[in-house]
Amino acid sequence: MTLIDLTCRLDPNDLALVPQNMPDLAAVIAPSVEYQPHETSGRDLMIASFGCTADDLPGGEGPAGEILHRMSSHCGTHVDAPLHSGRFCEGRPSRSVSDFALEELYRPGLVLDVRAWTEPGGAIPVEALERAVAATGREIRDGDAVLIRTGQERYAIGDPRYFAYPGMSGAGTRYLAGLGATILGTDALGWDRPIPAMRKAFQETGDTGQIWDGHYAVKDKEVLIVQQLENLGALPPAGFMVGFFPMKLMGTTAAPARVVAFVENGVRAGRT
């Protein structure tokens, strides 16, 4: 068994790479970190806690730590619960991220490689999803986790193309959910098209269906959405298990997660 990490890094240095015209994205890229060093904050904590002096501490040091600031529950690789998309899902109150059992978060996985049919800021066509499903060699089954490989791993956060990712439409989301998938993931920053692309489409057409249609589709059929995956190229098209284990934040719409694929040795990876 080989474990493959599908989780992106959370590096506060990446905050400097967020475009100035997209400041709200900072909270989903990485937290701001206040570092508390051994020789200052840690030392002072121990002195206050124990009534000792710095000379009483090994090397004059206390425990180091960090305080995280401005960190969204949608930061980095994270799991979106149906509650993110609306108060109701399938006519019932939407579940939060803490309402899902571990068994629902450890599922058979498929990788849909749609790189040949994507364009920056565009919606991934349903026809592309159909072809990508066929390329896996098996059909989507009830309870599957379907991971969309758009090719965004080519771009670093500082590259403008990182923020012009291809996204899923409402039609594409309903198509995969209708086949039985209960977890849908992407290597892109977001599940839907970028907001500027959706805004432009809405203003040009007046079609309200252009507004966040990928996420709003979850209101019709319950699925979990996972964003900011990486390393999908290291996975086979099918024949592996994947665990999506979010932080146990009670009642939240999402939580950062460590996502790991479990691949039997000898199973070949997909196209690079």
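Leu10, Leu68 and Met71 make a nonpolar surface patch of about 250 Å² (a patch joins nonpolar side chains within 5 Å, from residues with over 30% relative accessible area and no salt bridge). The structure is a predicted model, in which local features need pLDDT of at least 70 and side-chain atom pairs count only at pLDDT 80 or more, while totals for chains, interfaces and linings use all residues. Residues are numbered from 1 along each chain as its sequence is written, and side-chain values use heavy atoms, with hydrogens and water left out. Leu68 counts as partly exposed because its relative accessibility is 48% (buried means under 20% relative accessible area, exposed over 50%, and partly exposed in between, with a 1.4 Å probe and protein chains only).

The largest pocket has a volume of about 660 Å³ (a pocket is an open set of points on a 1 Å grid where a 1.4 Å probe fits, with protein on both sides within 12 Å along at least five of seven lines; lining residues have an atom within 4 Å of a point). Of its 25 lining residues, Leu25, Val28, Tyr165, Leu189 and Ile195 are the closest to the centre. Two elements, β4 (78-80) and α5 (195-205), each give two or more residues to this lining, and α5 contributes the largest share, three residues. The second largest pocket has a volume of about 300 Å³. It is lined by 14 residues, of which Cys8, Tyr155, Ile157, Tyr162 and Glu230 are the closest to its centre.

Side chains of opposite charge can pair when their charged atoms come close. Across the whole structure, 14 salt bridges are found (a side-chain nitrogen of Lys or Arg within 4 Å of a carboxyl oxygen of Asp or Glu). One of these joins Arg174 and Asp220, with the closest N and O atoms 2.9 Å apart. Arg174 lies in helix α4 (residues 170-178) and Asp220 in the loop between α6 (213-216) and β10 (224-227), so this pair ties together parts that are 46 residues apart in sequence. Arg174 is partly exposed at 42% relative accessibility, and Asp220 is partly exposed at 48%.

A salt bridge also forms between the side chains of Arg193 and Asp213 (3.3 Å, N to O). Arg193 is buried, with a relative accessible area of 9%, and Asp213 counts as buried at 13% relative accessibility.

Notes
Points joined across faces, edges and corners; volume = space filled by probe spheres on them. Helix = DSSP H or I, 4+ residues; strand = E, 2+ residues; numbered from the N terminus. Patch = residues over 30% accessible without salt bridge, like charges linked within 9 Å, V, L, I, M, F, W, Y side chains within 5 Å. Areas by Shrake-Rupley, 256 points an atom, 1.4 Å probe, with all protein chains shown as cover.
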